[in-house]
Every structure is written in C-alpha cells, then in structure tokens.
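Subject: Structure handover

Hi,

Here is the structure we talked about. Please open it first, then read my notes below.

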Amino acid sequence: MVKTKKMKDGSRQVILNGKQYDLITKILSELANKTKASAILFADMSGQLISQRGNTDDMNTTVLSALAASDFAATSEMAKLVGEEAKFKLLFHEGDKRNVYLSNVGDDFFLVVVFDVSVTLGLIRIYTKKAIEDLDKTLSEEADEGDEEEQKLDSDFSSLLGDALDDSFK
Amino acid sequence: MFINWALQEINLKIVYYGPGMSGKTTNLEYIHSKLDDSLKGDLVSLKTKEDRTIFFDFMQIEVGRIKGKKPKFNLYTVPGQVYYASSRKVILNGVDGIVFVADSQPHRMEANVETLLDLEKNLKQDNQSLEDFPWVIQYNKRDLPGVESIDELQKRLNFFGVPHFEGVAVRGDGVFATLKSVINTVVEHVQKEL
C-alpha cells in the first residue's frame, strides 16, 4: 500500500511509487473525462499536491491544494464547535461561473473537483464517489518494493542541495 | 513529507512559528522578493484588513534537480496572536521542519516562551516533541535598541541547543541563513529515516 508511515519522531511520511502514481492519475483522468470537470486535484491533508488532471494551465494548483487542505482543517474545527463528532466529508463552494467540490479520501487525502456551473452537481457527486472508492482501493493495495534501490537520498545530497540553495539566494 | 518516486519529487513542509509581530511573514516576503521567478511560486497571504495574518502565508520554492531528485519546499507561516490557536494547530499538520521566529525585545520574552510552549503542546498532540524534531531559532529584530542579549535568549528559549540565528528580517539579515539551516536539518533528518 501507499506508505503512510508514522515515524518514530511522530512525523508522517507519504511515499508513492511509480505504479501507484500511474493508477491514481488514471483514476483522475477517468473522472475528468466523465464529468467534463475543468480541473481535478488529488492532494494530501498537509496540503501537498499529488496529482492533477484537466485544464490546469491557468490555475495555480500548488496554492489551490494548500488552501483546500486548510479549508478541510478549518471546517473540521467548525464541526467540533457545532457538535459534529466526525469531520465534514465534503465541502462545496458555489460560484457564478465555477463550483468547487471537495471530498476527503480516507483520513489523509482529498480530492478537489473544479467544474463549470453548466455541469450538474449530481453528475459530479456520482462519479466522484466512484473515483474515491477506486482511490481508496489503490491506496490500500500492496505495493511491490522492487525498486527500493533508487528510493533513497545519496549521502552527498545535503551538500549539493546546500550549494544549490546558495546559488538561488544570491 | 510527501515523496513521489514516479516524478522523483520530494515535498517538504516548513512552518515559521512564533509570537505575533515577530516577523514570520516578513521572512517569507523577503525570500519571495529575492528569489528568481523560476524558483518560486506565488506568495499567498490570508490577512485581515489590518495586515495581520489570519490563517497563514504560503509559498513554494524549488531549486531544480539534484542528483535526479526534485526537492520542493512548501513554506508556511502561522498567525501569531494567541486567539488563533486552532489555526496554528492545523497548519502544523504534516510539518517536516520548523523555524521559530523569536522577538528579541525584552517585553516580548514572555510571549516568546508562551508561544514555544504552545508549539510543544501542539506537537505533543501528534506524538512529536521539540526534543527530537528538526527546528531552528531566529532571534529577530536585532537592530532595535535595548534588545535582550543572545545569551539570555538562548537560556530562556533554546533548551535543546538547536541552530540559532540573529535576524533583521526587514533588511533580510539572517533570513537565508535561517532557511538554509532548517532545510539542511530537515534533509538530514529525512535521510536518516528513508
């Protein structure tokens, strides 16, 4: 499965391999085709964008993911205040031209669907629900650990990164 | 931390934490103003009418490929005022490294201490602790008259002996040194854990 491990210091690591990434992207593509959504993002609850589909060229999807994650965080605090014990599962923002539908995928991930007001919400709901089931399945499937070799950072990575940072900060 | 081996991307989340008006947003604004456009994304600030951070500031920086890997750093600030405690907590979700921006003025010492305890409390809820977490301290506003001595600040705030820097964030002094140090600390930590 997707490695979402709690480290001994308590921090959380999410690690995707190539196959999982391809599967996730395929699910998003299908959702985009069926719903004619303008953009679809899949991200983790800390705000890191994982994959995107649709027409996202004119959209800052990195920032959109960070804002969407905080949207979830803010509404889950809201849920507590109004006496809802679970988190709110979906958020919907309605605009004049575009709507945004956000839904969680398990506890650690979420999906953002941006679509024109001409697309009906019912259609989005049905296909998003299906996509979430598929994503849930993909995220919990056993991954082969075959390419462990490349999955580490070389010992000189830090110092090379340090040099790159020095160059950037001139 | 989020690693996508398909794209060789390593995403790390760094949060600037500290009491109100200590200069967290100023740090980010300076970094944003100095980096080349190709290396940075937009700086997004969720502010009140009075220019105080209400939720967070956010920007992403990249440094290109290193040994085939593409590290990306997501920088966040938290709102400093006491009453935004729950916003601070949620922004810490998934954090990989922290810069604690302390205000060097003597009358802000209590606010520094209180915010540091608030940070430890929030980390504890996620079973983390400042004791073994990658973080650094920036003693900001060193240009102001009558600031507390570094010795005193160290004694009151840096009880785990993490890297510390003197800063004048409005002029950019110490801003990059702080950022570079936290990135290094985080990467070393990640290397150990992978």
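Start with the sheet in chain A. This is an open sheet of five strands in the order 4-3-7-6-5, and the pairing is antiparallel. Strand 4 (49–54) and strand 5 (90–94) of chain A stand at the edges. Each has a single partner strand, so one side of each is left without a neighbour in the sheet. From one strand to the next, the twist averages 10°. Keep in mind that the model is predicted.

Now look at one pair. Strand 3 (residues 39–44) of chain A pairs with strand 4 of chain A over five bridges, in the antiparallel sense. To find one of the pairings, click on Leu41(A): its bridge partner in strand 4 of chain A is Gln52(A).

Helix 1 (residues 18–35) of chain A lies across strand 3, strand 4 and strand 7 (109–116) of chain A. Helix 1 of chain A runs at about 35° to strand 4 of chain A. Helix 3 (residues 121–140) of chain A packs on the sheet and touches strand 6 (98–105) and strand 7 of chain A. Its direction makes about 30° with that of strand 6 of chain A.

Next, chain B. It has five helices and eight strands. From the N terminus, they run β-β-α-β-β-β-α-β-α-β-α-β-α. The C-alpha trace of chain B spans about 50 × 35 × 30 Å along its principal axes. The radius of gyration of chain B is 16 Å, which agrees with the value near 16 Å for a compact globule with 194 residues. Of those 194 residues, 51% count as buried. Take the contacts in chain B with a separation of 6 or more: residues 24 or more positions apart account for 67% of them.

How do the chains meet? 46 residues of chain B are in contact with 40 residues of chain A. Helix 5 of chain B gives the largest share of the chain B side, nine residues. That side divides into 21 nonpolar, 13 polar and 12 charged residues.

One last stop: Pro106(B). This residue is in the loop between strand 6 (97–103) and helix 3 (109–125) of chain B. Is Pro106(B) buried or partly exposed? Pro106(B) has 13 other C-beta atoms within 10 Å, so it is partly exposed. Leaving out residues up to four places away in sequence, Pro106(B) touches Gly146(B) and Glu148(B). Phe165(B) is 59 residues from Pro106(B) in sequence, and their C-alpha atoms are 17 Å apart.

Best wishes

Conventions. Residues numbered from 1 in each chain as written. Chains lettered and ligands numbered in written order. Predicted model: local features only at pLDDT ≥ 70, side-chain atom pairs only at ≥ 80, totals over all residues. Helix = DSSP H or I, 4+ residues; strand = E, 2+ residues; numbered from the N terminus. Rg over C-alpha atoms; globule rule 2.2 N^0.38 Å. Buried ≥ 20, exposed ≤ 12 C-beta atoms within 10 Å, placed from the backbone. Contact = placed C-beta atoms within 7 Å. Nonpolar A, V, L, I, M, F, W, Y, C, P; charged D, E, K, R; others polar. Pairing = 2+ DSSP bridges. Axes fitted to C-alpha atoms, helices over the stretch in contact; angles between N-to-C directions.
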